[in-house]
Amino acid sequence: MSRSESPCLSICIARLKATASAEHFAIWVLKAPYPGGYVHHDCMLPADLSQTWYAWQQLFSLESIPLPVAATQSATVIPAIPLASAGQTSSYSARLMQQLGLSLWQWLFAGVIQNSFAQSRGIAIGQDKPLRLRLEIRDPELIALPWEIMQPQAGQPAISLNQQLLFSRTVSDVDPLPNRNPAQSLNILLVLGEDALGSVGGQQNRLQLQQEAAALAQILEQCPQADITGEDTFSVPCQVDTLIQPTPAELIERLENGNYNIFFYAGHGVPAPAGGQLLLRPGTTLSGTELAQVLVSSRVTLAVFNACWGAQSDRYNHAPSPRSSLAEVLIHHGVPAVLAMRDSIADQEALSFIQAFAQALAERMPVDRAAAVARQQLLTLYKFNQPAWTLPVLYMHPEFHGELIEPVDEVCTELPKNSTTWIGQSMPGAFLRPVGTLDKVWPIRGGLMRVGRLWENDLVIQERWVSQRHAEIFCRDTASNGYPSPTYFLRDFSRYGTLILLPAGWQKIHHQEVPLQSGVQLKFGSSQGQTWDFVIDSPQSSIQT
């Protein structure tokens, strides 16, 4: 397992058979972080789950999609959910949301599946990493369920909001994922297709699309300047190119000639057997299968769809067709990650999610963690008892570990021989020590020291203003740049910056790189923090640790 890869538990659901009294399903573990985690559980679909799902749709959805229940069970009886009593503010919608989330969890994580989950969660906690939890649904009638709202107990966060349980859906019947390196920036192709009203208004409608594209591009390009979580913000740049109602040939040419890692589509479309149809312009469509081929050949990592149908299955004779949703088709063909909507979403809700999602990606979060952060933003804005936060659905390829952008810890710890920081000769020893002490020092080993709150750093500083991965001190061969060779540098990528004492006084270094002289003093994050001496060790001195 690589440094950045988290333990993964992948669970699958499939229908076995129907009897006169119940529907039987198999739930089993496809992938687990330990050998004994591969377990299998047969179960029936509970009638109360079907009833709660029916009540959910009566309240939140424009379309009713029944669950596969036996003829003797009633799926049309709305369950008795207690209304808020005097002095309580919980609404019927909030209680219904919670009850469906609890029912889904209790059905999925039953018996040995619960044991495998608990063991996998313990392994992830032991490694100080989130557990990556993926769900594959092979029965198309279960696709429409809002699995993202599952929660283990009342008062605990839903599974798709928990950043220690990175949740996504998946498909195991997939083409292999080609090798690709994480990108250094967000390169987005933004495509605006035909909207729900078609081309009504002619030139006026196109002008509105141009204004919408410009506004959305501006929001996306500003994302690296923001800070959504209060964590480290060693952000990456974002470049957005736009296409408005292109022909299929124009879209394919732009994808093939560009170097995009994100494809973003906003517009109308309809479900269909081959992954739906994108309505690019009046009378012109592109199927999901056709799009999948060009996205894979263009090595796009993430496809995002601001449309109300992307995670829905096509239906024939009122029954859903297997593997027909746009998201599933794209994953099946080898696109690493797809984010689409399970149901209709309001424009402002979608915009709020997209802005938060792109911002989190710019902060180097994995795709599934970024989705959780953006979903939390929707919940904060539109509240738990509204369906907005439940609508985005993330699918991830089983071989994809979520890294769209190179993580900070990989950026600041890898020193390949051909990099500018590699030293081909012996380097002077150096260390940090708290000001006022002589017997406690932290040596800089191998020419690199990582500083921050996380235990994995070389120097761990448990001060609240210090970022998890705050800064690094490294040695670089700089003979050709006018510095003594080799020279130590400080690189800051923290939230609050690093203070360095210069002749003119304390100076703040924020997302910058500066050379360090022996004897200089440093403070990480705040002027109230511990003061550290940076010392380049002379050959005669000795260091005790």
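## F263 and its neighbours

Let's start with F263. Setting aside residues within four places of it in sequence, F263 is in contact with L189, V191, L251, L255, L291, L295, V300, L302, A303, V304 and F305 (contact means heavy atoms within 4.5 Å). This is a predicted model, where local features need pLDDT of at least 70, side-chain atom pairs count only at pLDDT 80 or more, and totals for chains, interfaces and linings use all residues. Residues are numbered from 1 along each chain as its sequence is written, and side-chain values use heavy atoms, with hydrogens and water left out.

(A nonpolar core is a set of buried Ala, Val, Leu, Ile, Met, Phe, Trp, Tyr and Cys residues joined through side-chain atoms within 4.5 Å; buried means under 20% relative accessible area, exposed over 50%, partly exposed in between, with a 1.4 Å probe and protein chains only.)

Take F109 and F117: their ring centres are 4.9 Å apart and their planes meet at 50 degrees, so the pair is tilted. (Rings of Phe, Tyr and Trp, the last by its six-membered ring, pair if their centres lie within 6.5 Å; planes under 30 degrees apart are stacked, over 60 edge-to-face, the rest tilted.) Both F109 and F117 are buried. F25, W107 and W147 make up one aromatic cluster.
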